[in-house]
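Please look through the structure below with the backbone and the packing of its helices and strands in mind. The briefing that follows is grouped by topic.

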Amino acid sequence: MSSLDLPLGATTTRTELAQAYGGSQYGGGIVPANQSQNIFVFSDPAAGREHDYTFDGRADDDEYGVLYLYTGAGQSGDQQLTDRNKSLLNHVRDGRDVHLFVADGTVGDSGTVKQRYLGQVAVDPVLPYVERWSGEDGQTGRRLYVFRLRPAPGVTLALTDDDVLQPAQNTEALPVPWEPDAVLETTAVPPEQHATDSTTANITGGQRTVIRREGRLVAAYKAHLESLGHVVHRFQIRIEGEKGTFLTDLYDATDNVLYEAKGKALREQVRMAIGQLLDYRRHLDEVPDGLRLAVLLPEAPSADLRSLLEIEDIALVTQSADGFAGFPLPPADA
């Protein structure tokens with residue numbers, strides 16, 4: 001059950017919450033209430049569209065259950081993991097409960113926004129947030145931090161059909177920068193705090209390690225390419241009629257190569273990488289002709305998997321003690 005004395009699905013206002021629990025009643029979607037050790041998160045997808053982002057809402061459930069996406073604080077310029085964003089990210093470490101509200105009309109003609117209480121949530125301990133970018137007409141805007149929120153243990157969020165993340169209106173592949181992801185190093189939310197039982201918590205801890213390994217591999221390879229004068233970035237892809245946004249791992253603009261990295265060289269990971277590359281390629285209309293595909297792995301896979309990649313005309317680059325084997329890529333007609 002929720003730690004807030006408010007029925008799930010009930011409506012209130014920011015003023016009423018501030019009077020009862022503390023915190024500011026004005027401005028900002030992330031409101032720490034110090035006197036009650038709470039953090040109030042106010043989601044308003046309609047208002048978000050005014051600031052060039054449409055990432056808020058219930059995403060498709062995954063193997064860990066319900067997932068609600070929430071864009072962090074900061075309405076101009078690149079968002080930073082400071083101040084209120086930092087307080088949300090570190091809420092478990094700081095002993096704060098997080099309560100999620102969504103805008104739901106106004107109180108009469110006053111203009112005061114009614115806040116519908118969805119329930120107590122927790123920032124996902126495996127992947128607390130993802131980076132996304134605003135954009136319009138193919139132009140990259142500002143960096144946003146989209147937090148991944150899960151129901152707190154024992155809580156069933158009071159979600160309605162209106163709270164579902166809206167599908168994209170058009171297909172777009174936006175070139176965006178690749179930056180080291182601080183989430184790979186964060187220890188603010190221990191795996192045992194995941195809103196699941198202990199068995200799943202152990203699994204998510206392992207998944208966390210794989211995510212870190214993959215991120216460090218991409219970071220090392222990006223540095224290697226840039227040391228040789230290559231220009232690299234990634235693509236943010238939205239697909240018409242579908243919810244969610246996808247990020248490719250790395251695109252080498254100098255050699256026109258799209259890379260998909262995996263933290264392990266096992267069959268499941270290699271097969272997934274192949275599928276992702278083929279899917280991404282269909283939506284990259286702005287890259288020059290002759291785009292090549294490549295899989296980036298921490299070590300060489302089995303002979304059969306190497307044969308599979310060769311048959312599919314997908315290059316293979318693996319990390320070695322003194323650099324990266326397989327780079328530079330052989331000529332396309334080799």
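Asp313 is found in the loop between α6 and β16 (315-320), where helices (H or I, at least four residues) and strands (E, at least two) are DSSP runs, numbered from the N terminus. Its phi is near 60°, a positive value in a residue other than glycine. Asp313 is exposed, with a relative accessible area of 56%; buried means under 20% relative accessible area, exposed over 50% and partly exposed in between, with a 1.4 Å probe and protein chains only.

This is a predicted model, in which local features need pLDDT of at least 70, side-chain atom pairs count only at pLDDT 80 or more, and totals for chains, interfaces and linings use all residues. Residues are numbered from 1 along each chain as its sequence is written, and side-chain values use heavy atoms, with hydrogens and water left out.

**Other backbone features**

- Asp83, in helix α3 (residues 83-89), has a phi near 50°, a positive value in a residue other than glycine.
- Asp83 is exposed, with a relative accessible area of 65%.
- Phe327 and Pro328 are joined by a cis peptide bond with omega of about 0°, and Pro328 sits in the segment after β17 (323-325).

**Helices α5 and α6**

- The axes of α5 (residues 267-281) and α6 (residues 303-311) come within 11 Å and cross at roughly 5°; axes are lines fitted to C-alpha atoms, for helices over the stretch in contact, and angles run from 0 to 180 degrees between N-to-C directions.
- That angle makes α5 roughly parallel to α6, as angles under 35 degrees count as roughly parallel, over 145 as roughly antiparallel, 65 to 115 as roughly perpendicular and the rest as oblique.
- Arg267, Val270 and Ile274 of α5 make the contact with Asp304, Leu305, Leu308 and Leu309 of α6 (contact means heavy atoms within 4.5 Å).
- Five of these residues are nonpolar, none is polar and two are charged; Ala, Val, Leu, Ile, Met, Phe, Trp, Tyr, Cys and Pro count as nonpolar, Asp, Glu, Lys and Arg as charged, and the others, Gly among them, as polar.

**Helix α1**

- Arg14, Leu17, Ala18 and Tyr21 are buried in α1 (residues 14-21).
- Seen down the axis of α1, the buried residues fall within an arc of 100°, so they line one face of the helix; the arc is that of the directions from the helix axis to the C-beta atoms.
- The cover over these buried residues includes β1 (11-12), β2 (30-33), β3 (38-43), β6 (97-106) and β7 (113-123).

- Six of the six residues of β3 are buried, so the strand is largely enclosed by the rest of the structure.
- Asn38, Phe40 and Phe42 point one way from β3, and Ile39, Val41 and Ser43 the other way.
- β3 pairs with β2 in the antiparallel sense over four bridges (two strands pair if DSSP finds at least two bridges between them).
- β2 and β3 form a hairpin with four residues between them, and Gln37 in the turn has a positive phi of about 60°.
- β3 pairs with β6 in the parallel sense over six bridges.
- Val41 is the bridge partner of Ile30, and Leu100 in β6 is the bridge partner of Val41.

**Strands β8 and β9**

- Six of the eight residues of β8 (residues 129-136) are buried, so β8 is largely enclosed by the rest of the structure.
- β8 and β9 (residues 139-151) pair in the antiparallel sense over seven bridges, with Tyr129 opposite Phe147 in β9.
- The hairpin of β8 and β9 has two residues between the strands, and Asp137 there takes a positive phi near 55°.
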